[in-house]
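Please read the sequence below alongside its 3D structure.

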Amino acid sequence: MGATETMRAWAVENPGPLERGPLSLRSRPMPRAEADELLVRVLVCGVCRTDLHVAEGDLPVHRPGVVPGHEVVGEVVEKGTEVTEFEVGDRVGIAWLRRTCGRCTYCRGGRENLCPRSLYTGWDADGGYAEHTTVPAQYAYRLPPGYADEQLAPLLCAGLIGYRAWLRAQVPDGGRLGIYGFGASAHLTAQVALASGVTVHVLTRSEAARSLALELGAASAGGPADRPPEPLDSAVLFAPVGDLVPVALEALDRGGTLAIAGIHLTDVPVLTYQRHLFYERTVRSVTANTRCDGQEFFRFAARHPLRVTTTPYLFEEADRALADLAGDRVRGAAILRIGSAT
Ligand SMILES: [Zn+2]
Ligand SMILES: [Zn+2]
């Protein structure tokens, strides 16, 4: 590729409220793949709530003018000199976890998601709201068969984080799981739970999300503050609302577990030991995912076809997609159509 070649990309130039337009669509030099990286032509990029937190400055700026987007489905167009895992023309997935140190106790102990030197796509490095992007080959995913590109994109964060949250929620066999909030990640997690033989209760404010939950097989769907029809063995909080932590804890049966899936949560109100925590109820957070979780999730998705509900946007509409996500106007997962397969 010529040194002067350019591409179009959305950049977070002024992190702040969406009304002030933090993102701009710009022409940028074509990125270059490092020796261990792939250069990828982006076909589809999912729009995740974390992109909203990056754009609005809820997450501190790690790279000024960063290109958001960490649910990338693309085609390898060039590979670095050290890459042996992939070939030009391969379809790959790029997710949030971009690099880890490989040497710390977390990395060596199978918990690379906790690596203090980890780097993230669309936060520390430019992501997929662009015509081209790069990824370290060892952190790129091979994608499961049987899905269209538009269906695969949301699996790369919404699906992966939901899967990690599902594992962290420690739902017993045939147990009862409550899901608070029902966006992109939750609608995939619900299907993982249902396919595993678990009863699912969904608690969310959006009427459309409640009807989608019932369509997918949830046993009940109520408002976020409603008490589910039976005590829960486990709950996953997807809504970034700290006020729901005590609500979900009260809905748990004795010994139940609440997993909090968001990277950002508003403040948790004061908890009362007797009402919210006693009887060995557990609260756990969820931090990104390991590559191992990702590979396990994609194997699961290959065996159990997941219905991925998407709301597509044109590449040029990324700012509108984020505004719709912020306003709860997206059914399932928002995705950007960026390129078409060759
Ligand atoms: Zn590490
Ligand atoms: Zn995400």
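A residue counts as buried here if 20 or more other C-beta atoms lie within 10 Å of its own, and as exposed if 12 or fewer do. By that count, 49% of the 342 residues of the protein chain are buried. The model is a predicted one.

The protein chain has 9 helices and 17 strands. Its radius of gyration is 20 Å, close to the 20 Å that the globule rule gives for 342 residues, so the chain is as compact as a globular protein of that length. Along the principal axes, the C-alpha atoms fill a box of roughly 65 × 45 × 35 Å. Among contacts in the chain with a separation of 6 or more, 70% are between residues 24 or more positions apart.

Buried residues in helix 8 are G294, F297, F298 and A301. These four lie on the same side of helix 8 because they cover an arc of only 100° around the axis. An α-helix has 3.6 residues a turn, so residues three or four places apart point the same way.

What lies over the buried residues, and what is on the other side of helix 8? The cover of the buried residues includes strand 9 (140-141) and helix 3 (149-168). On the other side of helix 8, C292, Q295, R299 and R303 are exposed.

How values were computed:
Residues numbered from 1 in each chain as written. Chains lettered and ligands numbered in written order. Predicted model: local features only at pLDDT ≥ 70, side-chain atom pairs only at ≥ 80, totals over all residues. Helix = DSSP H or I, 4+ residues; strand = E, 2+ residues; numbered from the N terminus. Arc of directions from axis to C-beta. Contact = placed C-beta atoms within 7 Å. Rg over C-alpha atoms; globule rule 2.2 N^0.38 Å.
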